[in-house]
Protein chains: 2
Amino acid sequence: VTITSAANPRLKRLRAALRGGERDTQSPVAIEGVKLIQEAIQSQVQIEEIFMAESQRRDPEAGSLIGQIRHLNTEVIEVADRVFASISSTESPQGLLALARLPRFELNALLEGTPLLLVALELQDPGNLGTLLRSAEAFGARAVLLTRKSASPSNPKVVRASAGSIFRMPCLTGFESQALMDELVHRGFLLVATTPRAPVDFRRASYRGKAALLIGNEARGLNDRVLRCVHTQVRIPMAGLVESLNAAIAVSIVLCEAARQREMTNSE
Amino acid sequence: VTITSAANPRLKRLRAALRGGERDTQSPVAIEGVKLIQEAIQSQVQIEEIFMAESQRRDPEAGSLIGQIRHLNTEVIEVADRVFASISSTESPQGLLALARLPRFELNALLEGTPLLLVALELQDPGNLGTLLRSAEAFGARAVLLTRKSASPSNPKVVRASAGSIFRMPCLTGFESQALMDELVHRGFLLVATTPRAPVDFRRASYRGKAALLIGNEARGLNDRVLRCVHTQVRIPMAGLVESLNAAIAVSIVLCEAARQREMTNSE
């Protein structure tokens, strides 16, 4: 049966997921396009439903993908092309949308041992959050912790910008900033923040052991109360009249150095 | 006189600029919001017109900005709030939009001496291009060169993501990839590209003298023909299952190292 009406109740959950307003990790996320859905399947993410534009019925890539998940009891729902186009959040819809559950993680397990964490405080741009999840995975962070008022990891723009890292990188949300700082300090984490006027070049600081890199809001940075908890403030030396780098760029540069020091990557 | 109709012909150029489809640097760019317009004025960008939502008339920030440019013959056009909201490209319109001309630069002058250049080949995402202009300025690149089929620097998303760097960083567009590679090689530039499987850690390569960092398309990277012209391929060591970093992140990490080697930033 092909869904031919945009008002069909089966599309309701999908629409909600595509709006991506939910700030928790329990609501399903919408995954758009063959490549991202493939990444989700390979990362053993639980796909609940797949919505396929009618015209994809004979597409070999879509067919192969659906073949792969046949044994998983995932329902495949066909949608008329014009209905599909009206739902898709991208300008060039790719004809396949999946609803999936992100894996859930326990904070306590993630804080054990000597992990490198990334903590985003009121980071608002979904593109930045997605990019950052990708960098966090690339540089061996164990988890990304998000405070309240941060972008939601279930926003489809986050999913897309993460290029699949969201399916693997533990991402916990909803922390209250000050309580999280206290908890991390109490557990012996070294808190490091990048600020434009910090005295220390980021390459001269240490990121070994239990360490957490903090990243703040795109416009306001980190507030003074948070900065008072920070052990090391580092600076990325810059030329020109630039006040600051993009938040995801800055934290990725520091993460790359942390990974080198921690020997988490296959450096020479 | 307040414009009360969205069909008013005075809004035509503004609309075109907000669509940002033009791939050249001659058409005017739309700049949204007080902060960005301030950046443009400070960078001595030529503002042609300012469109102000009616409700901004008594806003002190908007008033101060308009006071600053009174002597520059910039026309201020008042627009009814609902018309303004229908035109603005952002979800939360800030009530001020400017049309401006980006400064123009000559390629020959930019290639003189021993500059560090950034060359983007078919880079498509406007957010990536804007972020990259910001990083290019922060790390002392002299210019950003864009091939055909790259995002347009006059796209408002590029302007926004550049956080003002677009007003200062020379950005030339429309190059044919192969001709540009030939020209740079002919002029003695060292061409460096970041590729996921390159043998050399990016921290072990040299970026001194006349050097150009290449960045490719987000999905396809750099093509083989371009890679054959490249002198040094470098790799950013990564952990996990990540295939690659976001393009703007990867090139910013390498730019940061290039700036350190070239002593262009105030490192310790």
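**Exercise 1. How many salt bridges are counted between chain A and chain B?**

Solution. In this predicted model, the count of salt bridges between chain A and chain B is zero. For that count, a side-chain nitrogen of Lys or Arg would have to lie within 4 Å of a carboxyl oxygen of Asp or Glu.

**Exercise 2. Describe what chain A and chain B share where they meet.**

Solution. Begin with the residues: 39 residues of chain A are in contact with 39 residues of chain B. Turn next to the area, since the size of an interface is often given as the accessible area lost when the parts come together. Chain A and chain B bury about 3100 Å² between them, and 54% of this area is on carbon and sulfur atoms. Finally, 100% of the interface residues of chain A are also interface residues in chain B, so the copies meet through the same surface.

**Exercise 3. Are helices H6(B) and H10(B) roughly parallel or roughly antiparallel to each other?**

Solution. The axes of H6 (residues 126–138) and H10 (residues 247–262), both of chain B, come within 9 Å and cross at roughly 5°. Because angles under 35 degrees count as roughly parallel, H6(B) and H10(B) are roughly parallel to each other. On H6(B) the contact is made by B:Asn128, B:Thr131, B:Leu132, B:Ser135 and B:Ala136, while H10(B) contributes B:Ala248, B:Val251, B:Ser252 and B:Leu255. Sorted by class, this contact has five nonpolar, four polar and no charged residues.

Definitions and conventions: Residues are numbered from 1 along each chain as its sequence is written. Chains are lettered from A and ligands numbered from 1 in the order in which they are written. This is a predicted model: local features need pLDDT of at least 70, side-chain atom pairs count only at pLDDT 80 or more; totals for chains, interfaces and linings use all residues. Side-chain values use heavy atoms; hydrogens and water are left out. Contact means heavy atoms within 4.5 Å. Axes are lines fitted to C-alpha atoms, for helices over the stretch in contact, and angles run from 0 to 180 degrees between N-to-C directions. Helices (H or I, at least four residues) and strands (E, at least two) are DSSP runs, numbered from the N terminus. Angles under 35 degrees count as roughly parallel, over 145 as roughly antiparallel, 65 to 115 as roughly perpendicular and the rest as oblique. Ala, Val, Leu, Ile, Met, Phe, Trp, Tyr, Cys and Pro count as nonpolar, Asp, Glu, Lys and Arg as charged, and the others, Gly among them, as polar. Buried area is the accessible area (1.4 Å probe) that two parts lose on being put together, summed over both.
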